[in-house]
Every structure is written in C-alpha cells, then in structure tokens.
Amino acid sequence: MHKLIGLAAVLAAIAVAGTALAATPTKGGVYEGALYATSQVALKKKVRLVVNKTGTSARVLWWCGEGRPPSTLIVRIAADGSFKGNSNVGGALTVWTIKGQFLTPTKARASLQLKVICDGKGGTLNLPLKQ
C-alpha cells in the first residue's frame with residue numbers, strides 16, 4: 001500500500017514538473033523575428049506571430065524579401081505552448097509549414113519550412129515578444 005502511495009506521489013510530481021515547463025504565450029502578444037539571407041540566392045524573411053486575446057491561437061505572417069505582401073495562416077496553440085500549421089494549394093500541395101514552441105511567455109522558437117514558395121530556403125528562428 002505504501003508503495004502505491006509513493007508511486008502516486010512520484011507521478012504527481014512528474015506531472016506538475018511537466019506542466020511547469022510548458023510555457024504559454026502572452027495573450028494579445030506580438031512576437032517577431034527573421035531568417036537572414038545566408039547566400040546570394042537567399043532572401044531575408046521577416047516572421048510575425050500575433051497571439052489572440054485568449055492565447056489559444058495566433059496569426060502567422062511572414063514576408064519573402066522586401067516589398068511583397070505577406071503570406072498568412074492561423075495556427076492553434078496547444079496547452080503545452082506548441083503550435084504548427086501548413087499552407088496548402090488545392091488541399092494537396094504543401095507550400096509552406098511552421099512549427100514552434102513558446103519557451104517562455106516572452107519568447108518562442110519556430111521552424112519555417114518553405115516547400116515551393118519564395119526562395120525555398122527556410123530555417124529556425126527565435127521570436128521574442130515585441131509588445
């Protein structure tokens with residue numbers, strides 16, 4: 001009986017520690033970062049993540065180089081602070097994807113993968129809270 005109580009206490013402590021590691025975004029926050037050109041054929045990509053007022057979803061906007069309109073997508077934010085989404089053409093061809101995690105309420109990290117758009121060069125970037 002004591003072993004079962006001890007096991008339950010250990011499992012509860014692990015669950016609490018896991019929850020403590022999960023970061024949630026700042027509600028209504030705007031996170032922004034960039035992927036910089038690393039070669040002559042690569043373009044700078046500015047990425048913005050605008051969290052809604054409830055903190056459960058966000059609009060992803062990113063710009064391919066200068067002077068072009070942004071690509072945009074709404075992503076759901078999971079309870080553990082993770083988010084992911086993809087943009088498809090005709091429901092079949094994946095054009096670009098984003099996957100990330102809020103590390104703290106003021107910082108996220110994401111991977112932007114460009115399949116058949118812009119210069120095809122994605123990468124991983126930090127997204128600090130701007131406001």
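Author: Strands (E, at least two residues) are DSSP runs, numbered from the N terminus. Buried means under 20% relative accessible area, exposed over 50%, and partly exposed in between, with a 1.4 Å probe and protein chains only. This is a predicted model, in which local features need pLDDT of at least 70 and side-chain atom pairs count only at pLDDT 80 or more, while totals for chains, interfaces and linings use all residues. Residues are numbered from 1 along each chain as its sequence is written, and side-chain values use heavy atoms, with hydrogens and water left out.

Reader: Along strand 7, which side chains point to one face and which to the other?

Author: In a regular strand the side chains alternate between the two faces of the sheet. In strand 7 (residues 107-114), Ala108, Ala110, Leu112 and Leu114 point to one face and are buried.

Reader: How many bridges join strand 6 to strand 7?

Author: Two strands pair if DSSP finds at least two bridges between them. Eight bridges join strand 6 (residues 93-104) to strand 7, and the two run antiparallel; Arg109 is the bridge partner of Gln101. A hairpin through two residues joins these strands. Strand 7 also runs antiparallel to strand 8 (residues 123-128), with six bridges, and Ser111 stands opposite Thr124 there.

Reader: Which residue forms a salt bridge with Asp119?

Author: A salt bridge is a side-chain nitrogen of Lys or Arg within 4 Å of a carboxyl oxygen of Asp or Glu. Lys45 forms one with Asp119, the closest N and O atoms being 2.9 Å apart. Lys45 lies in strand 2 and Asp119 in the loop between strand 7 and strand 8, so the pair ties together parts 74 residues apart in sequence.

Technical notes:
Helix = DSSP H or I, 4+ residues; strand = E, 2+ residues; numbered from the N terminus.
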